Amino acid sequence: MKDQILFEDDRAAKFEENISGWVSRNGLFFGNDENSERLARTQGRTHKVCPSCNINVIEKHFLQCSDCIDEKVRKNYLNLKFSRISFF
């Protein structure tokens, strides 16, 4: 089957009045099951608490705060094994 090409003014989307559930701040509908509230709140957020230190607030698309990243880089550098290179 060939994929359809749809634009925003096509009639593919429709408004339903008889449904209820969680809607994110951006207007995305997530339904009304056990995960819907968490998904809607997660999708609509702009920031989150750093999962590594649970102290600093970071933007939602970052994985760690800059303090945790710096500490991880420092630990990785200190664990590097160095050896002497002789050119002669």
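Analyst: A search of the whole structure finds 0 disulfides, a disulfide being a pair of cysteine sulfur atoms within 2.5 Å. This is a predicted model, in which local features need pLDDT of at least 70 and side-chain atom pairs count only at pLDDT 80 or more, while totals for chains, interfaces and linings use all residues. Residues are numbered from 1 along each chain as its sequence is written, and side-chain values use heavy atoms, with hydrogens and water left out.

User: Is cysteine 50 buried or exposed, and what is cysteine 53 called?

Analyst: Buried means under 20% relative accessible area, exposed means over 50%, and partly exposed lies in between (1.4 Å probe, protein chains only). Cysteine 50 has 0% relative accessibility and therefore counts as buried. Cysteine 53, at 25%, falls in between and counts as partly exposed. For the chain as a whole, 11% of the 88 residues count as buried.

User: What makes alanine 40 a buried residue, and where does alanine 40 lie?

Analyst: Alanine 40 belongs to helix α1, which covers residues 36-44. Its relative accessibility is 5%, so alanine 40 counts as buried. Residues up to four places away in sequence aside, alanine 40 touches Trp22, Val23, Ser24 and Phe30, where contact means heavy atoms within 4.5 Å. Alanine 40 and Val23 are 17 residues apart in sequence, yet 5.9 Å apart in space from C-alpha to C-alpha.

User: Which residues of α1 are buried, and how do you know that they line one face of the helix?

Analyst: They are Ser36, Ala40 and Gly44. Viewed down the axis of α1, these buried residues fall within an arc of 50°, so they line one face; the arc is taken from the directions that run from the helix axis to the C-beta atoms. An α-helix has 3.6 residues a turn, so residues three or four places apart point the same way. The buried residues of α1 pack against β1 (22-23) and β2 (29-31), whereas Arg38 and Arg41 are exposed on the other side of α1.

User: What is serine 24 called, buried or exposed?

Analyst: Serine 24 has a relative accessible area of 6% and is therefore buried. Serine 24 sits in the loop between β1 and β2. Its contacts, leaving aside neighbours within four places in sequence, are Phe30, Ala40, Gln43 and Gly44.

User: What makes arginine 41 and glutamate 37 a salt bridge?

Analyst: A salt bridge requires a side-chain nitrogen of Lys or Arg within 4 Å of a carboxyl oxygen of Asp or Glu. The distance from N to O between arginine 41 and glutamate 37 is 3.0 Å, and the pair qualifies. Both residues lie in helix α1, 4 residues apart, about one turn of the helix. Arginine 41 counts as exposed at 54%, while glutamate 37 counts as partly exposed at 35%.

User: How many salt bridges does the structure hold?

Analyst: The structure holds 2. Glutamate 71 forms one with arginine 74, the closest N and O atoms being 2.8 Å apart. These two residues lie in helix α2, 3 residues apart. Both are partly exposed: glutamate 71 at 31% and arginine 74 at 44%.

User: Which residues make the nonpolar surface patch?

Analyst: Tyr77, Leu78, Leu80 and Phe82 make a patch of about 500 Å². Patch residues have over 30% relative accessible area and no salt bridge; nonpolar side chains (Val, Leu, Ile, Met, Phe, Trp, Tyr) are joined within 5 Å, and like charges within 9 Å. Leucine 80, in the segment after α2 (66-78), has 48% and is partly exposed.

Definitions and conventions. Areas by Shrake-Rupley, 256 points an atom, 1.4 Å probe, with all protein chains shown as cover.
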